[in-house]
Amino acid sequence: MILAFDTSCDDTSVACLKGDKFSNLISSQIDIHAEFGGVIPEIAARKHAEVIGHLTKKALKDIDATLDDIDYIAVTIGPGLAPSLLVGVSFAKALAYSIKKPIIPVNHIEGHMFAPFFGRKIEYPFLSLIISGGHTHLFLVEGFGKYKLLGKTLDDAVGEAFDKVARILGLSYPGGPVIDRLSKTADPYRFNIPQGLKDKKTFNFSFSGVKTHVKNLVKKMDKLSKTDINNIAASFQRASIEILLKRCIEASRTFGVKILSISGGVSANSYLRAVFEETAQKNNIKLVLPQLSMTTDNALMIAYAASLDLGRATHDYSSVEAYPSLKLV
Ligand code: KG4
Ligand code: ZN
């Protein structure tokens, strides 16, 4: 059994994975950070410290396990917010030391990368699009540990752009789910939002131009009706998703890879799921999406990534440290 922790950002998550039995608890801090319009690292860390012990007890209880059942402890060591990561890493080390079990340090991005395959068979090679508040990365995955970074955002992450555009439109934080909901009854073609880097042959992404376009649009229209807000949100959402979609289709063609997985908070977006599904079918691409509970940050994806290579387990606890800028490749 693997007991796993993820405290990379503002969600505290603890999971247990034992064969096909699992628990996956997430304590969200969204309400606390919403009033600041973004995550305050020191507050996030304090909250992690407050709830991690209780969540651990509950995660074990949920699968009728005790500390004696633990074989490995997995923990996210980066990338993420330094104060937040430190809480998870310190807790994991203290627990591992007291029960004398090895630790498997896990890269948070690797957790997202394999989350869509949880409960399924992993087929290589696949393209992995990771889209969240902090990341917009496109990888070619040729095997476990064999990753090529094809492209990443040159400025804002796509989730960050959703959050910033929501703020410009006077909507609440986090912006992604709100924009997703409002767009359902709006016209995504009402405004034409230029997609930046559009004609260049690149697998990189850019979202700051899309965001600035929305900002200027809002400035020009002196009074926004509810319908205007919804139409701008839907048009922005369409433009952002099209940016992602074009890169993925181009990468599939260039590398001849017919499996595409998408993960991270933005992969919960309903418009994205519909548009990618339709385009994937047309292009004979197999789309692998995570279940909704595994789109955002969660410890089950960390347990699962850990389970894919148990050889990384170590009793040298002092070698396990938090790396806020940890890279995958
Ligand atoms: O993966 P995640 O929970 O945390 C990290 O950033 O690592 O992703 C959070 C991001 C936020 O920017 C949020 O606005 C976005 O994911 N998000 C969405 C949706 N749900 C969450 N964006 C678009 N549509 C959604 N339904
Ligand atoms: Zn994440």
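This is a predicted model: local features need pLDDT of at least 70, side-chain atom pairs count only at pLDDT 80 or more; totals for chains, interfaces and linings use all residues.
Donors, in what follows, are N, O and S atoms within 2.8 Å of the metal. Water is not among the atoms, so a site may look incomplete.

I begin with the metal site. The zinc ion (ligand 2) is held by three residues, His108 and His112 through NE2 and Asp297 through OD, at 2.1 to 2.2 Å. Along the sequence, the spacing of these donor residues reads H-x3-H-x184-D. His108 belongs to helix H4 (residues 108-114), while Asp297 sits in the loop between strand E10 (286-288) and helix H10 (300-307), so this pair ties together parts that lie 189 residues apart in sequence. Both residues of that pair, His108 and Asp297, are buried.

What is the geometry of the site of the zinc ion (ligand 2)? The site has 4 donor atoms, and the angles among them run from 90 to 142 degrees. A tetrahedral assignment would require all angles to lie between 85 and 135 degrees. The site is accordingly classed as irregular.

I turn now to the salt bridges. The structure holds 12 of them, and I shall discuss a selection.

Helix H8 (residues 226-255) contains both Arg238 and Glu242, placed 4 residues apart, or about one turn of the helix. These two residues form a salt bridge in which the closest N and O atoms are 3.3 Å apart.

Asp62 and Lys58 are joined by a salt bridge, with 3.4 Å between the closest N and O atoms. The two residues are 4 positions apart in helix H2, and therefore about one helical turn separates them. Asp62 is partly exposed, its relative accessible area being 41%; Lys58 is likewise partly exposed, at 38%.

Finally, there is a network to point out on the model. Which residues does this network of salt bridges link? They are Asp156, Glu160, Lys164 and Lys211.

Thank you for your attention.

Conventions: Residues are numbered from 1 along each chain as its sequence is written. Chains are lettered from A and ligands numbered from 1 in the order in which they are written. Side-chain values use heavy atoms; hydrogens and water are left out. A salt bridge is a side-chain nitrogen of Lys or Arg within 4 Å of a carboxyl oxygen of Asp or Glu. Buried means under 20% relative accessible area, exposed over 50%, partly exposed in between (1.4 Å probe, protein chains only). Donors are N, O and S atoms within 2.8 Å of the metal (3.2 Å for Na, K and Ca); water is not among the atoms, so sites may look incomplete. Four donors count as tetrahedral if all angles lie between 85 and 135 degrees; four count as square planar and six as octahedral if opposite donors are over 155 degrees apart and all others between 65 and 115; anything else is irregular.
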